[in-house]
Amino acid sequence: MRVRVVAPGPPGHGVVRHAALVAQRAAAHGIEPVDGGAADLTHAQFTDALWGPDIAAAAAAFTAWATGVPRPLVVTLHDVPGADPDPARDARRTAGYARVVAAADAVVVSAEHEAAKVAAFSGRVATVVDLPVPAPVPGGAAPDWADRPTLGVLGFLYPGKGHAEVLDAAARHPSRPRVVAAGGPSPGHEPLVAALAERAAAAGVDLVVTGALSDADLTAAARAVTVPVVPGRSVSASGTLATWWGCGRRPLAARAALYRGLRAC
């Protein structure tokens, strides 16, 4: 079977990396991923940030593109709306995702609670396929910040991921552990680094933001952290959690629908 794989965006984006990993594992089972030309099926990855500057533009771009691709069209949804603390933003994103679902022949999500949200806003039944756990990449440099106890958050920095809450937790602990953000800011969120540094300084907490890391250095960082943390409460599905697992770590996680479901498995 030849499958056209579509995941527009920079190669370092989590969803694009996910698409590449899925294509790699599909190829191992005799499925041939293709970028264009004749295909038996099209598989697209959708999160609004990859398809447009806002959800309305992203949904319009996806639905226009979907009219001319080989069918059937399967879409895997990421960052599924339905729990945003901003009701107006949640409504906009829900309407946009409903348009994307309507344009596809089949829908895939990464968690049961995501499937429930898709059913609620579209009436469609989504297939749940768990996020793959990536293999660790050896050979990374030993980090120079591991000379004292650390709390570590893995991956891109963006508002709502929970770095601020981890800083506050470190400030409350008698030993004031160092906080390590193993990654760099998502595009457009560069000012967050300075804001977190200011918050850390005010609380008397040492903050290390590593910036973008190679896969090998990310593995080394994940293994060097004293206490790994996944602090985001509104997460839809978590490639970061899968990365921690792939590195042999079992992080502390915030109370969220995704993690409650995983604990129940």
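Guide: By contact I mean heavy atoms within 4.5 Å, and helices (H or I, at least four residues) and strands (E, at least two) are DSSP runs, numbered from the N terminus. This is a predicted model, where local features need pLDDT of at least 70, side-chain atom pairs count only at pLDDT 80 or more, and totals for chains, interfaces and linings use all residues. Residues are numbered from 1 along each chain as its sequence is written, and side-chain values use heavy atoms, leaving out hydrogens and water.

Visitor: OK, what do the buried residues of H1 pack against?

Guide: Strands E1 (2-6), E2 (32-34), E3 (41-46) and E4 (73-77), plus helix H2 (48-51).

Visitor: And which residues of H1 are buried?

Guide: Val15, Val16, His18, Ala19, Leu21, Ala23 and Ala26. Buried means under 20% relative accessible area, exposed over 50%, partly exposed in between (1.4 Å probe, protein chains only).

Visitor: Switching to E8: why is it largely enclosed by the rest of the structure?

Guide: Because five of the five residues of E8 (residues 178-182) are buried. Arg178, Val180 and Ala182 point one way, Val179 and Ala181 the other.

Visitor: In what sense do E7 and E8 pair?

Guide: Parallel, over five bridges, with E7 covering residues 150-154. Pairing takes at least two DSSP bridges between two strands. Leu154 has Ala182 in E8 as its bridge partner.

Visitor: And which strand do three bridges join to E8?

Guide: E9 (residues 207-209), running parallel to E8. There, Ala181 stands opposite Val209.
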